Amino acid sequence: MLPNSSLQEGILTQNSLQYQDLQALLTGELLALRIPLFYAPEHCLQLLASFQGLPLFGPYRMAKDMQIHRIGMSLFETENQPEYLHRYYKDARDSMKKLSLICYPLTNPLTQLHEQLHELWPHGAQVENLHGFPMQQGIVRLFEAGKDSGLPPHYDLLQNDVPDSPRAAQQLTQLAANIYLQVPDEGGELDLWDFQPTQQEFEELCTGHHDFMDRSLLPPKAATLRPQTGELILMQSSKVHSVRPSYGTRLSMACFVGYYGQHEPLTYWV
């Protein structure tokens with residue numbers, strides 16, 4: 001490990017993204033990897049001013065009851081229906097260009113992450129492609145202040161979003177990558193469980209509200225992380241996680257990272 005790094009309860013904190021740490025996360029030796037100053041905090045402040053008041057933020061298509069807004073469409077919103085998949089792929093063509101223009105003259109934090117993954121991984125990193133079209137490369141998420149601004153326990157798995165995709169079925173590990181541009185003084189913590197439910201376990205734990213699970217029925221949490229401004233947190237998204245309600249604005253940029261094996265490129269999408 002590098003100087004100023006630390007390892008506790010499967011959570012590794014490092015001062016930069018390194019191949020051996022990424023590999024340990026992808027193969028299950030780690031639960032999460034933290035890079036506290038991945039993006040300069042002073043640049044985060046500049047991006048906040050750029051995003052403030054933009055009319056591009058909107059609610060998730062199937063979760064308009066929640067205090068979360070985003071720029072960009074997520075694959076899970078399509079519910080694997082042709083009409084919404086068409087909209088998703090159409091939006092994907094322009095979404096990263098739009099985000100980069102908003103961030104200019106600064107580097108888009110997601111582009112910075114994608115480039116580092118490509119440089120670090122022996123076989124590079126590329127945009128995920130399931131249906132012959134490049135997918136959405138990332139999203140901006142705004143958690144408003146309030147008791148309904150969090151995300152109850154859930155897990156994210158590409159196979160669940162596109163169960164008819166042979167490629168999705170080949171994926172070995174899925175990570176969630178979040179780069180935090182603003183964090184609240186209170187709330188917004190990330191709870192992690194070292195637990196990936198089977199389909200039967202998920203059905204027994206599901207609350208019936210979206211794809212959320214009953215926290216009281218889960219095993220004990222493995223860790224609770226309080227993100228910092230400018231921090232990158234990579235975690236295994238196929239394991240249960242949640243976001244506690246934010247009592248202040250919580251703004252982040254996010255994508256998923258897919259692993260198909262040591263001799264295959266990494267992929268990214270949202």
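Helices (H or I, at least four residues) and strands (E, at least two) are DSSP runs, numbered from the N terminus. The model is predicted, so local features need pLDDT of at least 70 and side-chain atom pairs count only at pLDDT 80 or more, while totals for chains, interfaces and linings use all residues. Residues are numbered from 1 along each chain as its sequence is written, and side-chain values use heavy atoms, with hydrogens and water left out.

**Exercise 1.** Determine which strand holds Arg-250, and state the distance to the nearest side chain of opposite charge.

*Solution.*
Step 1. Arg-250 belongs to strand E14, residues 250-259.
Step 2. Arg-250 is buried (under 20% relative accessible area; exposed is over 50%, partly exposed in between; 1.4 Å probe, protein chains only).
Step 3. Arg-250 has no salt bridge (a side-chain nitrogen of Lys or Arg within 4 Å of a carboxyl oxygen of Asp or Glu). The nearest side chain of opposite charge is that of Glu-189, 7.7 Å away; Lys and Arg count as positive and Asp and Glu as negative, with His and the chain ends not counted.
Step 4. A polar atom of the Arg-250 side chain lies 3.0 Å from the backbone oxygen of Gly-188.

**Exercise 2.** Identify the salt-bridge partner of Arg-226 and locate both residues in the chain.

*Solution.*
Step 1. The partner is Glu-189, and the closest N and O atoms are 2.5 Å apart.
Step 2. Arg-226 is in the loop between E11 and strand E12 (232-236), whereas Glu-189 is in the loop between strand E9 (173-182) and E10; the two are 37 residues apart.
Step 3. Arg-226 counts as partly exposed because its relative accessibility is 40%. Glu-189, at 11%, counts as buried.

**Exercise 3.** Describe the salt bridge of Arg-244 and the network that contains this residue.

*Solution.*
Step 1. Arg-244 pairs with Asp-191, with the closest N and O atoms 3.0 Å apart.
Step 2. Arg-244 is in the loop between strand E13 (241-243) and E14, and Asp-191 is in strand E10, 53 residues apart.
Step 3. Arg-244 is partly exposed at 30% relative accessible area, while Asp-191 is buried at 0%.
Step 4. Salt bridges with shared partners join Asp-191, Arg-215 and Arg-244 into one network.

**Exercise 4.** Give the strand order of the open sheet of 4 strands and name the strands at its edges.

*Solution.*
Step 1. The order is E8-E13-E10-E11, with antiparallel pairing (two strands pair if DSSP finds at least two bridges between them).
Step 2. E8 (151-154) and E11 (223-225) stand at the edges; each has a single partner strand, so one side of each lacks a neighbour in the sheet.
Step 3. E10 (residues 190-192) is joined to E11 by 3 bridges, and Leu-190 has Leu-225 as its bridge partner in E11.

Note on methods
Polar contact = N/O pair within 3.5 Å; in protein donor to acceptor, adjacent residues only side chain to side chain.
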